[in-house]
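Trainee: I would like to learn how to read a model like this one. Please take me through it feature by feature.

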Amino acid sequence: MRSRVALLVILVVTLAGCAKSSADTFAGAVLHQKYHAPATMLTDTDGQPFSLASSTDKRLTLVFFGYTHCPDECPTTMATLASAMLQLDDADRSNVQVVFVTTDPARDTGPVIRHWLDRFDPSFVGVTGPLPKIKIVAEKMGVAVEKGRRLPSGGYDVTHGTQVLALDGTNTVPVVWTIGATAPELAHDIHQLLS
């Protein structure tokens, strides 16, 4: 009888250890081959040198590559990030930094980026630099960036990946969120990553 009870206890403990609670799951995609932030120097909106590898001082940095003239994904994503930040408690929020890297440095000067980001959250960091350097950083982090087609208006659009990357304190990206991730999903995952 004791051996049956012991076997039952072992079985219950083993099954409990294998069960994954909803608190352990992520809305974002967990990467098995993590991306790494390169040390490439860009420039923040104040004109100071900025590197994703060395200038991020929070436990978690959320990185998005986009441009201020983007008609849809970029403002939607930044608004979602702003909303997610508001859903965090003070402890989590103090450990998170949001960085927007322009994919259109010809039009996105420091003041243009700063003005645009301030509409979402003044704490968001804006980064620019020469397009070849931005492409190097984006490629190392798994984000495609290409100058797009000419528009009838005479302007142009920019083709870029729309994922948000979670950059941790070791300069690696363990989780990415694709377009469509909601603010509550981001807030949940951010809390999990900080726990």
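Trainee: Which residue in S10 is the bridge partner of valine 164?

Mentor: Some ground rules come before the answer. This is a predicted model, in which local features need pLDDT of at least 70, side-chain atom pairs count only at pLDDT 80 or more, and totals for chains, interfaces and linings use all residues. Residues are numbered from 1 along each chain as its sequence is written, and side-chain values use heavy atoms, with hydrogens and water left out. Helices (H or I, at least four residues) and strands (E, at least two) are DSSP runs, numbered from the N terminus. Two strands pair if DSSP finds at least two bridges between them. Here, the bridge partner of valine 164 in S10 is tryptophan 177. S9 and strand S10 (residues 172-177) run antiparallel and are joined by 3 bridges.

Trainee: Which residue takes a positive phi in the hairpin of S9 and S10?

Mentor: Asparagine 171 does, with phi near 65°, in a hairpin that has 3 residues between the strands. The value is positive in a residue other than glycine.

Trainee: With which strand does S9 pair over 5 bridges?

Mentor: Strand S4 (residues 60-66) pairs with S9 over 5 bridges, in the antiparallel sense. Leucine 60 stands opposite aspartate 168 in S9.

Trainee: What is the order of the strands in the open sheet?

Mentor: The open sheet has 8 strands in the order S1-S10-S9-S4-S5-S6-S2-S3, and the pairing is mixed. Strand S1 (29-36) and strand S3 (49-50) stand at the edges with a single partner strand each, so one side of each has no neighbour in the sheet. S3 runs antiparallel to strand S2 (residues 42-44), and 2 bridges join them. Leucine 42 stands opposite phenylalanine 50 in S3. Over the chain, the secondary structure comes to 6 helices and 10 strands.

Trainee: Why is S9 described as largely enclosed by the rest of the structure?

Mentor: Burial is judged by relative accessible area: buried means under 20%, exposed over 50%, and partly exposed in between (1.4 Å probe, protein chains only). In strand S9 (residues 164-168), 4 of the 5 residues are buried, so the strand is largely enclosed by the rest of the structure. For the chain, 43% of the 195 residues are buried.

Trainee: How many aromatic pairs does a search of the whole structure find?

Mentor: A pair of aromatic rings is described by the distance of the centres and the angle of the planes. Rings of Phe, Tyr and Trp (its six-membered ring) pair if their centres lie within 6.5 Å; planes under 30 degrees apart count as stacked, over 60 as edge-to-face and the rest as tilted. The search finds 3 aromatic pairs. Phenylalanine 100 and tryptophan 116 have ring centres 4.9 Å apart and planes at 50°, so this pair is tilted. The pair links distant parts of the chain, with phenylalanine 100 in strand S5 (residues 96-102) and tryptophan 116 in helix H4 (residues 110-118), 16 residues apart. Tryptophan 116 also pairs edge-to-face with phenylalanine 120, at 5.0 Å centre to centre and 75° between the planes. Ring pairs link Phe64, Phe100, Trp116 and Phe120 into a cluster.

Trainee: Is tryptophan 116 buried or exposed?

Mentor: Tryptophan 116 is buried, with a relative accessible area of 5%. Phenylalanine 100 is buried too.

Trainee: Which residues does threonine 162 touch, not counting residues up to four places away in sequence?

Mentor: Contact means heavy atoms within 4.5 Å. On that count threonine 162 touches Phe64, Glu73, Trp177 and Ile179. Threonine 162 lies in the loop between strand S8 (156-160) and S9.

Trainee: What is the mean pLDDT of the chain?

Mentor: pLDDT is the predictor's confidence in each residue, from 0 to 100. The chain has a mean of 85, and 82% of its residues reach 70 or more. Over residues 1-23 the pLDDT is below 50, and this stretch has 4 contacts in the model beyond near neighbours in sequence.
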